[in-house]
Structure formats: structure tokens, C-alpha cells
Amino acid sequence: MIEVNIFSGHTYMESGQTKIRDDGALFTRSGNMWLGPQGQVIQQVGNITRNLNTGVQSNFGDPFGDDDALDL
């Protein structure tokens, strides 16, 4: 499945347990969590995803793409 996020403009391709962002960032699904390449932890509950590092939720932002706020 290919999806474009309306908030960030990033394009994502999801296949099975992986999601790849247009810049090559790879997210891996584990249960109801997505784990990102820079330590992002994104929780999925129903249709809503929330980045536990930044607090960005899918209903008002891109939890997979708004990672500039990370202090790693």
C-alpha cells in the first residue's frame, strides 16, 4: 500500500511488517508499535498512530515524519 501524508507530504510504502518513507527511513512493526531508525516509537491504536517520542498524532501531524523534535 502506498500512502501520502497530508501534513508532511512524505510518501510511505507499507508491506507486511515494514513501512518505508520516501527518504529511505525504514519502520518495523512489532505488535501495535512501529520502531524507527532513529529510536522513534510509534504506537498504533485503531486508525490513530502516535509518536511516543514527540507526541505527534496522525490526526494532526505525521508521527512517522515529524521527527525533527527528537533529542537523540
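Modeller: Let us begin with contact, which means heavy atoms within 4.5 Å. The model is predicted. Setting aside residues up to four places away in sequence, Trp 34 touches Glu 14, Gln 17, Thr 18, Lys 19, Phe 27, Thr 28, Arg 29, Gln 40, Val 41, Ile 42, Gln 44 and Phe 64.

Colleague: Why is the pair of Phe 27 and Phe 64 called edge-to-face?

Modeller: Rings pair if their centres lie within 6.5 Å, and planes over 60 degrees apart count as edge-to-face. The ring centres of Phe 27 and Phe 64 are 5.1 Å apart and the planes stand at 85°, so the pair is edge-to-face. The structure holds three aromatic pairs.

Colleague: What makes this pair a tie between parts that are apart in sequence?

Modeller: Phe 27 belongs to strand E4 (residues 26–30) and Phe 64 to the segment after strand E7 (48–51), so the pair ties together parts that are 37 residues apart in sequence. Ring pairs also link Tyr 12, Phe 27, Trp 34 and Phe 64 into a cluster.

Colleague: How do you know whether Phe 27 and Phe 64 are buried or exposed?

Modeller: The cut-off for buried is under 20% relative accessible area. Phe 27 has 0% relative accessibility and therefore counts as buried. Phe 64, at 4%, counts as buried too.

Colleague: Which residues form the largest nonpolar core?

Modeller: That core has six residues: Tyr 12, Ala 25, Phe 27, Trp 34, Ile 42 and Phe 64. Membership requires buried residues of the nonpolar kinds, joined through side-chain atoms within 4.5 Å. In soluble globular proteins, nonpolar side chains tend to be buried together.

Colleague: What does Phe 27 touch beyond its neighbours in sequence?

Modeller: Not counting residues up to four places away in sequence, the contacts of Phe 27 include Trp 34, Leu 35, Gly 36, Pro 37, Ile 42 and Phe 64. Lys 19 and Arg 21 are also among them. By contrast, Phe 27 and Gly 16 are eleven residues apart in sequence and 11 Å apart in space, C-alpha to C-alpha.

Colleague: What makes the contact of Glu 14 with Lys 19 a salt bridge?

Modeller: The rule asks for a side-chain nitrogen of Lys or Arg within 4 Å of a carboxyl oxygen of Asp or Glu. The closest N and O atoms of Glu 14 and Lys 19 are 3.5 Å apart, and the two residues form a salt bridge. Glu 14 has 22% relative accessibility and so counts as partly exposed, whereas Lys 19, at 7%, counts as buried.

Colleague: How many salt bridges does the rule give?

Modeller: The count comes to two. Besides the bridge of Glu 14 with Lys 19, the side chains of Arg 21 and Asp 23 meet at 2.9 Å, N to O. Arg 21 counts as buried because its relative accessibility is 7%.

Colleague: What makes the pairing of His 10 with Asp 22 a polar contact?

Modeller: A polar contact needs a pair of N or O atoms within 3.5 Å, and the side chains of His 10 and Asp 22 make one at 2.9 Å. His 10 is found in the loop between strand E1 (2–4) and strand E2 (11–15). Beyond four places in sequence, His 10 touches residues including Glu 3, Arg 21, Asp 62 and Gly 65.

Notes:
Residues are numbered from 1 along each chain as its sequence is written. This is a predicted model: local features need pLDDT of at least 70, side-chain atom pairs count only at pLDDT 80 or more; totals for chains, interfaces and linings use all residues. Side-chain values use heavy atoms; hydrogens and water are left out. Rings of Phe, Tyr and Trp (its six-membered ring) pair if their centres lie within 6.5 Å; planes under 30 degrees apart count as stacked, over 60 as edge-to-face and the rest as tilted. Helices (H or I, at least four residues) and strands (E, at least two) are DSSP runs, numbered from the N terminus. Buried means under 20% relative accessible area, exposed over 50%, partly exposed in between (1.4 Å probe, protein chains only). A polar contact is a pair of N or O atoms within 3.5 Å; within protein, one must be able to donate a hydrogen and the other to accept it, and residues adjacent in sequence count only if both atoms are side-chain atoms.
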